[in-house]
Amino acid sequence: MDRSAEFGRWKAQSLSKADLSRKGSVDEDAVEVVELLNSREEFFTTSSCAGRILLLDGSAEGSGVQKQHCCWLLVTHKPCARDDVMAALKGATSEAVLKFEPFILHVQCRTLQDAQTLHSVAIDSGFRNSGITVGKRGKTMLAVRSTHGLEVPLTHKGKLMVTEEYIEFLLTIANQKMEENKRRIGRFYNCLQHAVKRETISNSHSKIKERNNPLCTHKNRQSQGKAQSPSTTEDNGRELEDGDGLEISAALFLGDD
């Protein structure tokens, strides 16, 4: 199957599925970004979270708190007040942890070049932990991430281990991070709009040039034929599939899919 057609099939299947997130819909602050990406033929989103403050109660065994084994005492995508946290802590029975999780977005891209364009947008917007993963079946995914999270334990075996004053201090930091997170989402959306506009203009000029220059069109077709010859694509695919999942550049990773 043609790669573009296969990507279109993946996109149609993904966007037709029900939203299985806890909320069941896209977060308000991420809606514009998600809608813009999904309106483009070269992208579609697979998951997103606009950023949130969480209070989780779970086991301290293992490394970090595993959400699937925890009780969600509090979750909000807006600034949080101390009284809300104190009230939620009454339900803690084990290891309660206060967390701020910044914006995260997963986007499947039609080509590696499309992913690199979107990666540049993410980096320029402040999401410097973003990265590209290429799967064995040719799926190219971009994860938009940043590092300004927060995670602090508050209770042990249900007993509060910090003062209310310290909790208020933590919430001041978490709320500041939430505001910065929102600004970064805004920058990402604006940068994405400009990148999409530049790409549209560039593609339009290329098509006009090809239509007005038959020789150019012939050369391009010859070039495309060489680039897509069986030996070239098979070798490139083999290089990707034989990878062991290690990082192979600053932003490009090999995945299992």
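This is a predicted model: local features need pLDDT of at least 70, side-chain atom pairs count only at pLDDT 80 or more; totals for chains, interfaces and linings use all residues.

Biologist: In which elements do Lys99 and Glu151 lie?

Modeller: Lys99 belongs to strand E4, and Glu151 to strand E8 (residues 150–153), so the pair ties together parts that are 52 residues apart in sequence.

Biologist: Is Lys99 buried or exposed?

Modeller: Here one reads the relative accessible area; under 20% a residue is called buried, and over 50% exposed. Lys99 is buried, because its relative accessible area is 10%.

Biologist: How many salt bridges does the count give?

Modeller: The count comes to 13 salt bridges. One of them pairs Glu41 with Arg110, with the closest N and O atoms 3.3 Å apart. This pair links distant parts of the chain: Glu41 sits in the loop between H2 and strand E1 (43–49), Arg110 in the loop between E5 and H4, and 69 residues separate them. Glu41 is exposed at 59% relative accessibility, while Arg110, at 24%, is partly exposed. A further salt bridge joins Arg187 to Glu180, where the closest N and O atoms are 3.5 Å apart. Arg187 is partly exposed, at 34% relative accessibility.

Biologist: How should I read a charged residue without a salt bridge? What is the case of Lys11?

Modeller: Lys11 is placed in helix H1 (residues 3–16). Lys11 is buried yet has no salt bridge, and the nearest side chain of opposite charge, Glu42, is 6.9 Å away. The side chain of Lys11 does reach the backbone oxygen of Phe43, at 3.0 Å.

Biologist: Which residues does Lys11 touch, not counting residues up to four places away in sequence?

Modeller: Lys11 touches Asn38, Arg40, Glu41, Phe43 and Phe44.

Biologist: Let us turn to the whole chain. How many helices and strands does the chain have?

Modeller: The chain has 7 helices and 11 strands. Of its 257 residues, 38% are buried. The chain exposes about 15200 Å², and carbon and sulfur atoms supply 50% of that area.

Biologist: What share of the contacts with a separation of 6 or more comes from residues 24 or more positions apart?

Modeller: Such residues account for 71% of those contacts.

Biologist: How is a nonpolar core read, and which residues of the largest one touch the most other members?

Modeller: The largest nonpolar core has 25 residues, among which Leu37, Leu105, Leu118, Val144, Phe188 and Leu192 touch the most other members. The elements giving two or more residues to this core are helix H2 (31–38), strand E5 (104–109), helix H4 (112–124), strand E7 (140–144) and helix H5 (164–212). H5 gives the most, with 6 residues.

Biologist: What does Leu118 contact, leaving aside its neighbours within four places in sequence?

Modeller: Leu118 is in contact with Leu37, Phe43, Val107, Cys109, Leu142, Phe188 and Leu192. There is also a second, separate core of 21 residues, including Ile53, Ala96, Leu154 and Ile167.

Biologist: How should I read a backbone angle such as phi?

Modeller: Most residues other than glycine have a negative phi. In Lys157, a residue other than glycine, phi is positive, near 55 degrees. Lys157 is placed in the loop between strand E9 (155–156) and strand E10 (159–160). Lys157 is exposed, with a relative accessible area of 67%.

Biologist: Finally, where does Gly91 lie?

Modeller: Gly91 lies in the loop between helix H3 (82–89) and strand E4 (95–101). Gly91 is partly exposed, at 38% relative accessibility. Its C-alpha is 7.0 Å from that of Leu73, although 18 residues separate Gly91 and Leu73 in sequence. Leaving aside neighbours within four places in sequence, Gly91 is in contact with Asp57 and Leu73.

Notes
Residues are numbered from 1 along each chain as its sequence is written. Side-chain values use heavy atoms; hydrogens and water are left out. Helices (H or I, at least four residues) and strands (E, at least two) are DSSP runs, numbered from the N terminus. Buried means under 20% relative accessible area, exposed over 50%, partly exposed in between (1.4 Å probe, protein chains only). Contact means heavy atoms within 4.5 Å. Accessible areas come from the Shrake-Rupley method with a 1.4 Å probe; for residues, only the protein chains shown count as cover. A nonpolar core is a set of buried Ala, Val, Leu, Ile, Met, Phe, Trp, Tyr and Cys residues joined through side-chain atoms within 4.5 Å. Lys and Arg count as positive and Asp and Glu as negative; His and the chain ends are not counted. A salt bridge is a side-chain nitrogen of Lys or Arg within 4 Å of a carboxyl oxygen of Asp or Glu. A polar contact is a pair of N or O atoms within 3.5 Å; within protein, one must be able to donate a hydrogen and the other to accept it, and residues adjacent in sequence count only if both atoms are side-chain atoms.
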